[in-house]
Amino acid sequence: MLLAMDRVTSYYGKTAILKDFSFGIEEGKCLCVLGRNGVGKTTLMRTIMGLTDRSIGDITIKGTEIGSSPTHVRAKLGIGYVPQGRGILSEFTVRENILLGTFARHDGRPDIPEVCLQMFPYLKANLDRRAGLLSGGQKQQLAIARALAVDPKILLLDEPTEGIQPNIVHEIGETLMTLNRKLGITLLLTEQHIRVARRLGDAFLMVDNGRVVASGPMAQLTDDVIHHYLTI
Ligand SMILES: Nc1ncnc2c1ncn2[C@@H]1O[C@H](COP(=O)(O)OP(=O)(O)OP(=O)(O)O)[C@@H](O)[C@H]1O
């Protein structure tokens, strides 16, 4: 397994949000995390990055235990993170936003890796543009480019298509497909669009009330499972 959790419970204050949570993702695969609003999907991402108040249980990357490591150490071990809402700094340029990602590179190189620009011609042509002027889809590209700047083995993406115009959702899906299938970057993402999840994911993880309630190869994500856990 590239990344794995074994019986992890994660807390905000004294409240356990993620409970006894176990899963694994093999190198090169794409795992889609599904579940209704508020079930703990974002908390899962933040727990992997070390951004909740506290967690117990094992979190490993390539067998190395990271559950008590600070966030920057986890990033350096090859975990890139595209947070919900993207976390773009509006007053900074496209270039500066991407460079922010390079701080966590394991080789310490402070330049923009070629892959970031190859993937996103718009960003390449607009490096000096203020990020606040970008469209939602372009900001999402920028957040992905910034996460790629750490040269990650695995990319965590929290709702990458949220708040994006319907016609661009497909485009973001294609970008993620390229990262996974062509560049071999392992993906762990939360996704509201079932069609996108089905197309991208090798496997799924259904979360309810902070626990894994169903999981398996994407072919096993039946309409029944969706109906049971996702419709209100
Ligand atoms: N910083 C925080 N402090 C305390 N409680 C929090 C914090 N962040 C989230 N929670 C709580 O943890 C639970 C899970 O939230 P989380 O954001 O992980 O869910 P989610 O599945 O990602 O939902 P959404 O899709 O709405 O973002 C919620 O009950 C939420 O109120």
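Predicted model: local features only at pLDDT ≥ 70, side-chain atom pairs only at ≥ 80, totals over all residues.
Residues are numbered from 1 along each chain as its sequence is written. Local features need pLDDT of at least 70 and side-chain atom pairs count only at pLDDT 80 or more, while totals for chains, interfaces and linings use all residues.

Reader: Which helix gives the largest share of the shell around the ligand?
Author: The shell includes Y12, I17, G35, K41, T42, T43 and Q84. Helices are DSSP runs (H or I, at least four residues), and strands are E runs of at least two, numbered from the N terminus. The largest share, three residues, comes from residues 41–49, helix α1.

Reader: How many residues of that shell are charged?
Author: Asp, Glu, Lys and Arg count as charged; Ala, Val, Leu, Ile, Met, Phe, Trp, Tyr, Cys and Pro as nonpolar; the others, Gly among them, as polar. The shell has three nonpolar and seven polar residues. The charged count is one.

Reader: How many residues of α1 are buried?
Author: Buried means 20 or more other C-beta atoms within 10 Å of the residue's own, exposed means 12 or fewer, and partly exposed lies in between; C-beta atoms are placed from the backbone. Among the buried residues of α1 are K41, L44 and M49. The helix is mostly covered, and its buried count is nine of nine.

Reader: In β2, which residue is the bridge partner of Y12?
Author: Two strands pair if DSSP finds at least two bridges between them. Strands β1 (residues 3–12) and β2 (residues 15–25) run antiparallel, joined by seven bridges. They form a hairpin with two residues between them. The β2 partner of Y12 is T15.

Reader: Why does D20 count as partly exposed?
Author: D20 is found in strand β2. Its phi is positive, near 50°, in a residue other than glycine. D20 is partly exposed because its number of other C-beta atoms within 10 Å is 15.

Conventions: Near = placed C-beta within 6 Å.
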